[in-house]
Amino acid sequence: MGVEETLRVEILGSQHDRSAFDSGVEPLDRYFRVQAGQDARKNMAAPFVLVLADGTVAGYYTLSSMAVNLGDLPEKIVRKLPRYPLLPATLLGRLAVDRHHQGKGFGRFLLADALFRAVKSEIASFAVIVDAKDDIARRFYERESFLPFPDQPMKLFRPMVDIELLFK
């Protein structure tokens with residue numbers, strides 16, 4: 001059985017043990033252990049978990065809706081968009097992999113799953129937005145074709161029309 005056959009991404013549920021999750025980034029770990037379930041119950045974010053064959057949670061991400069100010073985007077993108085002051089977008093709010101499973105491609109696996117869910121959603125969204133926590137995260141997203149906002153280099157986006165091409 002290949003690795004991809006033993007991985008599954010599920011919506012966070014009470015059956016998922018979050019207590020031992022350790023990505024090495026305390027705010028991400030604390031969020032997952034303490035806040036993620038509450039955010040899910042209150043419809044503030046949809047947390048998804050990467051579950052291994054033995055039931056271990058190897059990583060997670062969250063998706064939620066947001067709005068982007070048209071004026072915050074690069075001019076070459078704005079030219080192609082309607083002139084609404086706010087544009088609907090999907091926020092990939094958090095993405096983390098447990099340190100015991102880092103370096104195995106699980107971050108890219110989670111990102112691909114998040115992009116797939118975002119593009120397949122029936123809710124309108126012009127792009128997926130991320131707020132990189134540090135330069136390592138920023139470089140990760142840039143390698144995955146995310147573009148920085150002109151005045152906010154740690155805030156990046158990937159247009160949905162670009163994401164759609166990944167899954168055709």
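This is a predicted model: local features need pLDDT of at least 70, side-chain atom pairs count only at pLDDT 80 or more; totals for chains, interfaces and linings use all residues.
How does the radius of gyration of the chain compare with that of a compact globule of 168 residues?

Figure 1. For 168 residues, a compact globule would come out near 15 Å, and the chain has 16 Å, which agrees. That radius is taken over C-alpha atoms, with the globule rule being 2.2 Å times the number of residues to the power 0.38. Residues are numbered from 1 along each chain as its sequence is written, and side-chain values use heavy atoms, leaving out hydrogens and water.

**Figure 2. Inside the largest nonpolar core.** A nonpolar core here is a set of buried Ala, Val, Leu, Ile, Met, Phe, Trp, Tyr and Cys residues joined through side-chain atoms within 4.5 Å; buried means under 20% relative accessible area (1.4 Å probe, protein chains only).

**Figure 3. A close look at Tyr141.** Skip the neighbours within four places in sequence, and Tyr141 is in contact (heavy atoms within 4.5 Å) with Leu92, Leu95, Leu111, Val130 and Phe146.

**Figure 4. Another core, apart from the largest one.** This set has 14 residues, including Leu81, Leu87, Phe126 and Ala127. Across the chain, 45% of the 168 residues count as buried.

Technical notes. Buried means under 20% relative accessible area, exposed over 50%, partly exposed in between (1.4 Å probe, protein chains only).
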